[in-house]
Amino acid sequence: MKAFAQLYTDIDATTSTNRKVAAMADYFSTAAPADAAWAVYFLAGGRPKRLIPVRRLAAWAMEVSQVPEWLFEESYHAVGDLAETISLVLPERVLTEDATRADDLPLHEWVERRILPLVDMTEAEQRETVLASWRELSGTERYIWNKLITGAFRVGVSEQLVVRALSRASGVEEGVIAHRLGGNWVPTPEGFSALVATDAADADESRPYPFYLAYALEDELPALGEPHEWQAEWKWDGIRAQVIRRGGRTYIWSRGGELVTDRFPELVAAAERLPDGTALDGEIMPWSNGEALPFAQLQRRIGRKKLGPKILAEVPVVLVTYDLLELAGRDLREEPLLERRRMLDALLVEANTWPEPTFIPSPIVQVATWDDAEAAQAAARERRAEGLMLKRRDSAYGVGRRKGSWWKWKVQPFSVDAVMIYAQPGHGRRALLHTDYTFAVRDGDALVPFAKAYSGLTDAEIRTLDAWIRRHTLEKFGPVRHVEPVQVFELAFEGIQRSPRHKSGVAVRFPRIARWRTDKPVSEIDTIDTLRALIRANE
């Protein structure tokens, strides 16, 4: 734990990418495989689910430190991070024999003997374990412990930087390490040893390739060069996935590293027509009669534990296929996009059954000029697309998010002005602040809730709004506060559709706060008719 805490400190102390990579490479070169495996897991974004409610931790911290609740909350508001606040208010560690042994306890033992068992403990057992750990740890180690048990551990590195550091420490190519880290990699000593093994012939037949991700378009279109150098496609709103056919079996992986094969039986059936050693990259989309269905239809399938014939018939899916990553077992990622696309089109013609293919090549949008691209992007919603993708025709299929070769150009989000009517505390470092808000629009003289949002405000705005919420609460329902309906916000969202499950009859996709409209009275917010008009315009 001490070595991992020092690594965290080294990463947190610099904004230099090279220094962060160097610090991780040094750690991986010296750490035992059992510790290094968990370090990879946490640094790359893996987190155990929250094992103990944060309010319970706060109560124990106040009990041990004898800090009253009002002072603890003031301290939390000043610090802005619950794990750090707890670390700061707890008494200094007393150097005992147990504390000395804790200094030498490896990271994997802290995780496997102290952290993971918490989920099966009674509250009393959890309290005993947490308080003992607080007594044995101090400083950054105590802070990291708090972060890990709340599922809130983060540090300023990406999985791509972790891959780079592992490559530097082991001498294995970045692409090989990223490939091994994808899919169902688990943090064990054997898993770490396999991750950095110099023999690259040990690929798991089910494992997907690292996904290549696009950046949001930053410059004006002419800055990209000539239009003929770029391939334009629609940016679809579905589930990014890879379909792998190897060893006579099919595997479907989501971009989040989840194996979702059993959720899409029609894709599995269609994949049987693919040659062995094939890997496709695409978007799982609800699709019928040659066009995309609303994403809400796909959500109906995602939410079902069991997929019966009725839902499969009502919400058929396809893979809108972007790229061919492997064919006949050969890695094609270094081939130019133009060649990969030619091979993809030929493969799908041969493998699909017409007239209703399940693997659909992503339609190419013809753009002879940048004006054509602007016109297409403006019309994206008519196809239930989010905008355009622009990809250099000579680009390789990279690893992670890289600038330069692939850009996403999304349409402007929908937006309405709404009033906040409910608020409740957030999670993690925001557990003692009201950061989750419910918004309503007018329906005659009534206010109808239609969306919840928790992102978009600055830390200063959150603190100001939290103080206002506490002073203007009308009623409390457990952690939820019903507040005076006077604070107006502009909400942005990506999609909108009818929903019989919601009182408003409306569901919006990815709502977030665009700005706090302190200049606008509640009498001027939008109405339910505004939302219905947006739905009609996009049906």
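## Reading labels off a predicted model

Q: Where does aspartate 323 lie?
A: Aspartate 323 is part of strand E8, residues 317-327. The model is a predicted one.

Q: Why does aspartate 323 count as buried?
A: The relative accessibility of aspartate 323 is 1%. Buried means under 20% relative accessible area, so aspartate 323 at 1% counts as buried.

Q: What makes the pairing of aspartate 323 and arginine 340 a polar contact?
A: Their side chains are joined at 2.7 Å. The cut-off for such a pair of N or O atoms is within 3.5 Å, and the contact of 2.7 Å meets that limit.

Q: Which residues does aspartate 323 touch, leaving out those up to four places away in sequence?
A: They are Ala279, Leu280, Asp281, Leu337, Arg340, Leu344, Tyr397 and Trp406. Touching here stands for heavy atoms within 4.5 Å.

Q: Leucine 221 is found in a loop; which strands lie on either side?
A: The loop runs between strand E2 (215-216) and strand E3 (230-236).

Q: Is leucine 221 buried or exposed, and why?
A: Its relative accessibility is 4%. As the limit for buried is under 20%, leucine 221 counts as buried.

Q: How far apart are leucine 221 and alanine 373 in sequence and in space?
A: The two are 152 residues apart in sequence, and their C-alpha atoms are 8.8 Å apart in space. Ala373 is also one of the residues that leucine 221 touches, the list including Trp370, Glu374, Leu390 and Trp409.

Q: What is noted about the phi of alanine 328?
A: Alanine 328 has a positive phi, about 55°, although it is not a glycine. This residue sits in the loop between E8 and strand E9 (330-331).

Q: Why is alanine 328 called exposed?
A: Exposed means over 50% relative accessible area. Alanine 328 has 65%, so it counts as exposed.

Q: Why is arginine 384 called partly exposed?
A: Its relative accessible area is 28%. Buried ends at 20% and exposed begins over 50%, with partly exposed in between; therefore arginine 384, at 28%, is partly exposed. Arginine 384 is located in the loop between helix H18 (370-378) and E12, and its phi is positive at about 60° although it is not a glycine.

Q: What makes arginine 470 and glutamate 73 a salt bridge?
A: Their closest N and O atoms are 3.9 Å apart. The rule asks for a side-chain nitrogen of Lys or Arg within 4 Å of a carboxyl oxygen of Asp or Glu, and this pair is counted as a salt bridge at 3.9 Å.

Q: Which parts of the chain does the pair of arginine 470 and glutamate 73 tie together?
A: Arginine 470 belongs to helix H19 (residues 459-471) and glutamate 73 to helix H5 (residues 69-79), so the pair ties together parts that are 397 residues apart in sequence. Arginine 470 counts as partly exposed, with 31% relative accessibility.

Q: Why are arginine 113 and glutamate 109 separated by about one helical turn?
A: Both are in helix H8 (residues 107-115) and 4 residues apart, which means a separation of about one helical turn. Arginine 113 is exposed at 62%, while glutamate 109 counts as buried at 18%.

Q: How do you know that aspartate 237 and arginine 509 meet in a salt bridge?
A: The N to O distance between their side chains is 2.8 Å, and the limit is 4 Å. The pair links distant parts of the chain, 272 residues apart: aspartate 237 is in the loop between E3 and strand E4 (239-246), arginine 509 in strand E22. Aspartate 237 counts as buried at 15%, and arginine 509 counts as buried at 13%.

Q: How many salt bridges does the rule give?
A: The count comes to 28 salt bridges.

Q: Which residues lie nearest the centre of the largest pocket?
A: They are Ala296, Gln299, Gln497, Ala507 and Arg509, out of 45 lining residues. The pocket has a volume of about 1,200 Å³. Its lining divides into 22 nonpolar, 10 polar and 13 charged residues.

Key. Residues are numbered from 1 along each chain as its sequence is written. This is a predicted model: local features need pLDDT of at least 70, side-chain atom pairs count only at pLDDT 80 or more; totals for chains, interfaces and linings use all residues. Side-chain values use heavy atoms; hydrogens and water are left out. On a 1 Å grid over the protein atoms alone, a cavity is a set of points where a 1.4 Å probe fits but cannot get out, and a pocket is an open set with protein on both sides within 12 Å along at least five of seven lines; lining residues have an atom within 4 Å of a point. Grid points are joined across faces, edges and corners, and a volume is the space filled by probe spheres set on the points. Ala, Val, Leu, Ile, Met, Phe, Trp, Tyr, Cys and Pro count as nonpolar, Asp, Glu, Lys and Arg as charged, and the others, Gly among them, as polar. Helices (H or I, at least four residues) and strands (E, at least two) are DSSP runs, numbered from the N terminus. Buried means under 20% relative accessible area, exposed over 50%, partly exposed in between (1.4 Å probe, protein chains only). A polar contact is a pair of N or O atoms within 3.5 Å; within protein, one must be able to donate a hydrogen and the other to accept it, and residues adjacent in sequence count only if both atoms are side-chain atoms.
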